[in-house]
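Hello,

Here is the structure I promised to pass on to you. Have a look at it first, and then read on for what turned up.

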Amino acid sequence: MQDLTGRRPVVTDTHPSLLDRTMEAAARATPEPLATTVRGLSDRMVAWIFIAPTILLLLAINIFPLIWTIRLSFTNYRANRPNEAVKDIGLSNYARILTDSDTWMAMQTTAHFVLWTIVLQTLIGFTLAYLIDRKFRGHAVWTTIILVPMMLSPAVVGNFWRFLYEPQIGLFAYIVSFFTGIPPTEILMLSNVTLAPWAIVIVDTWMWTPYVMLICLAGLRSIPDYIYEAAEVDRASNWRQFWSITLPMALPFIMLAVLFRGIENFKMFDMVNLLTGGGPGSTTEVASITLKREAFEKWRTGFSSAFAIILFVAVFGLANIYVKVLNRVKSR
Amino acid sequence: MADVRLKGVAKAFGDKQAVSGLDLAIADGEFVVLLGPTGAGKTTTLRLVAGLERPDTGSVHIAGRDVTRLEPSARDVAFVFQQYSLYPHLSVFDNLAFPLRSPARRMSEADIRRRVAEVARLVRIDHKLENRSTKLSGGEMQRVAIGRALVRKPSIFLMDEPLSSLDAKLRGELRLELKRIQRELGATVLYVTHDQIEAMTMADRIGILADGELVQIGTPRAIYTEPANLHVAARLGQPAINLLPRGLLPDADAPPGTATIGARTEHLAIDKAANGHADGVVDWIEHLGDQNHLHLIVGGRKLITLVDPDTPFGKGDKVTIHFRDPLFFDASGQRIGG
């Protein structure tokens, strides 16, 4: 009874005429109930004509190269010798890659980069998001400042950090030596075998932590206040609120950030190429650097095609497994 | 359980005065319902008691202790929110056990198990203890939320429209259950709603809030039969009270100063017009099943009353109307006499 009288459908009561008039006008404006042919073309045909340019573009720049790469990966084709006879060599490119210790090294280097950048970026990114979410005075300004590195071009960032890492004039070496007392000329971030991988991890973290922070912040903002209020009344300490509310409810977002960063860093190229070019030696030679060398320095097109396919399948497979896990977490 | 007192409590959000000069005493074991429209300050009052808001002036006392400056966690209150405020990634059991696992209590796991089972039975959710809280229906979620408040045996239960997001049938059921549970536990409850039926059926006393002020507080009966003013009178009764200017109908000995006469169904005697004299005409009969709403037109005004389903009246009938001890209000809206 309460419902019948308490909630009157006001809108439909007071404006039926307006709605009716609009509908009528719309009906009058559209001539026939949609002609099924336009100049001899059926609706379906027209639809295809509209989307055809996009589909053609997609085929030309995405699908065709992919198929072509797959085909080349079974050959000994070399792009710098277009006139040489191309021989079909079956799976031997794949066999060589999977047994070659150099490519395995590159894969391992990549895995290390992915692991460390994700660990650091997630930890720092989530912490920053958590702090920003406290909504202190000026938090909007800080958010903007923190986001700046992400907005720069990787090429700019790479060159910029090359200068920062410079042992003679670089600010980075200077600051480190200021705190540690080690002379700056000994801090060879880009040419020391142990430091070079970390140099890249630091730059990538500097650049992409804001991105992780942004996604984590979205997750934190999605937790409604009343859940915290309920916990407050239920006498949960801040520590307990963090572990039993904040973290589990933000987890799907954190995982999403990890997925995006993981895929990105699996194919990390620009930063490494600019900073170390894979060196010193092959200490920072990630898979994409190896790939570039094989394809455009040694011109082993068939071989590098096979390598590209292996990388693609690996990322695709891992990402799919990960998304399944992510969905399970989300549906909880 | 304990008594709660609010003394001269005021709270403003920016320019808006949410609650002003509120005095309210809730006795131990009493069920007090705050009734009022949206924006009347009901929820703010509740949050002030819980400590989720701090009053600008005035003080809050729970069990004789001034808690005005204390954190919610130090006040020993339980809060049921309007939204299903369950911890979404926890099971029903863990949701119910959550308040018991506070380090402030140091309860053994076996005791927690026993207590949760007890409360789960009370709110009839014991068959779904292992379910994820997000996999429940709306009614089940709200029962868990109520259960989570119950496990703790707090000083007072604060409930913010806990039934408003449920459908009508479920609301009716839970209304009865809540009242049953409250009686069984002898719990002190401060309950906020805009639903007069919830207020009338559950409350020991109803407080009517308007624009942040407590207009009247009393038993449901008193609020209904002796409303302090037009606002209170219009809050209760189904259909809503008919407010007629004096002189529209032959007014039965209205006291001096009367400007408005308030007439509910029981204040009106309606008969078919005989010997030519008629006060109004039947405009429409609204069939509700168990009873009907009779819509009358009297001197250009509409008047609605309840009639039996087998009413002899039909559309267009001329009728005579007499007041039977109605409510009188003066020009400022205050009730006269009583």
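How many Å separate the centres of domain 1 of chain B and domain 2 of chain B, taken over C-alpha atoms? In this predicted model, the separation is 38 Å. Domain 1 of chain B covers residues 4–233, and domain 2 of chain B covers 242–336. The two domains do touch: six residues of domain 1 of chain B are in contact with eight residues of domain 2 of chain B. On the domain 1 side of that contact there are four nonpolar residues, two polar residues and no charged ones.

Next, the contact between the chains. Chain A contributes 19 residues to it and chain B contributes 25 residues. On the chain A side, the elements giving two or more residues are helix H1 (2–6), helix H11 (225–233) and helix H12 (238–266). H11(A) supplies the largest share, six residues. By class, the chain A side that touches chain B has nine nonpolar, four polar and six charged residues.

Finally, something from a record. An unreviewed UniProt entry lists several stretches of chain A under "transmembrane region", including 45–68, 138–157 and 169–189. In the model, residues 138–157 of chain A are 85% helix and 0% strand, with the end C-alpha atoms 27 Å apart. Residues 169–189 of chain A are 48% helix and 0% strand, and there the end C-alpha atoms lie 13 Å apart.

How values were computed
Residues numbered from 1 in each chain as written. Chains lettered and ligands numbered in written order. Predicted model: local features only at pLDDT ≥ 70, side-chain atom pairs only at ≥ 80, totals over all residues. Contact = placed C-beta atoms within 7 Å. Helix = DSSP H or I, 4+ residues; strand = E, 2+ residues; numbered from the N terminus. Nonpolar A, V, L, I, M, F, W, Y, C, P; charged D, E, K, R; others polar. Domains from an automatic or database assignment. UniProt positions renumbered as here; feature names shortened; annotations may be inferred.
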